[in-house]
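Opening the notebook on this one.

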Amino acid sequence: MVDTRVTLSGWTLDNPIIPASGTFGYGYEYAELYDINLLGSFSFKGTTLEPRFGNPTPRIAETPNGMINSVGLQNPGIDAVISEELPKLRKCFNKKVVANIGGFAVEEFVKIVEKLDKEDIVGLHEVNISCPNLHKGGKNFGTDADAAYEVTKAVKKVATKPVYIKLTPNVTDIASIAKAVEEAGADGISLINTLLGMRINKRTRKPIIANKMGGFSGSAIFPVALRCVYQVYEAVNIPIIGMGGVSSAEDVIEMMMAGATAVEVGAYNLVNPYGSKEIVEDLPRVMEKYRIEKLSDIIGGAH
């Protein structure tokens, strides 16, 4: 009998599979399809302080082995999530959830974490620092080590639950950003967020996405994500949640060998709504194939 359990900052998951933020709503939507309690956990839709309608349409473009999106963190805002979404989730999910949050100023991150930290269903905070810093000319928090440090330090002051910082791959040296958030007190790191991409409509000769560019995700980015996880594992001593193009139990094993303790599944849920479920179910078979008895033993095994 194989052991699929993993532990993130003291929180033990039955398995490492976590549907990624933005691809799994607030959970109850998928609970209509299958029992989501078979998952390790899931990361709910990126939530901001105020409600957001999101970016103009069109904001989705297909591409071979992937997609480009510029949804723009559309969500009802933190107060509505706590009062409306989490009560619905509690009715169908009896585990703790990964709370994904976004903000456009350090104070926004702090206020959201203060509110969510009180919710019993939250297992850890996943802080998306790929948002533009409105107080500093729109440069993303996640592309600047000092800004990443500042957000992490501020959030850690108010959080009693683990804080995982979600990093963007759109930087020259992702390991240096990872080290900065570790120094600021981060309990773990989630990576990667989407790459930056675009498509052009050859008939209109204009970009397909209204915002011109968007986040590139899907199986095509898996090698990039794997490389980032490998590099960051070498640079820090805190757990990593790996993600980016994962679409099979085989990918999960590879991602964990690169250094991930848990693995998020993103765009694949949009291609196959049962994708995460099937990966969980296939994991024991793949473990036996590679003679892995205990999944936690292979974390960082490629180093």
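This is a predicted model: local features need pLDDT of at least 70, side-chain atom pairs count only at pLDDT 80 or more; totals for chains, interfaces and linings use all residues.

Arg 291 sits in the segment after α9 (275–289). I also noted its phi, a positive value of about 55° although the residue is not a glycine.

Next I looked up Leu 73, another non-glycine residue with a positive phi, near 55°. Leu 73 is in the loop between β5 (66–69) and α2 (78–90). Its relative accessibility comes to 22%; buried would need under 20%, so Leu 73 goes down as partly exposed.

I flagged these because most residues other than glycine have a negative phi, and most peptide bonds are trans.

Then the cis bonds. I found one from Thr 57 to Pro 58, with omega near 0°. Pro 58 is in the loop between α1 (28–31) and β4 (60–63). I also found the bond from Leu 191 to Ile 192 to be cis, with omega near 15°. Ile 192 belongs to the loop between β9 (188–191) and β10 (195–197).

Now the whole protein. I count 9 helices and 15 strands. The radius of gyration is 18 Å, which agrees with the value near 19 Å that a compact globule of 303 residues would have. Buried residues make up 55% of the 303. Of the contacts between residues at least 6 apart in sequence, 71% join residues at least 24 apart.

Last, charges: I have 32 positive and 35 negative side chains, with the centres of the two sets 6 Å apart.

Conventions: Residues are numbered from 1 along each chain as its sequence is written. Side-chain values use heavy atoms; hydrogens and water are left out. Helices (H or I, at least four residues) and strands (E, at least two) are DSSP runs, numbered from the N terminus. The radius of gyration is taken over C-alpha atoms; the globule rule is 2.2 Å times the number of residues to the power 0.38. Buried means under 20% relative accessible area, exposed over 50%, partly exposed in between (1.4 Å probe, protein chains only). Contact means heavy atoms within 4.5 Å. Lys and Arg count as positive and Asp and Glu as negative; His and the chain ends are not counted. The place of a charge is taken as NZ of Lys, CZ of Arg, CG of Asp or CD of Glu.
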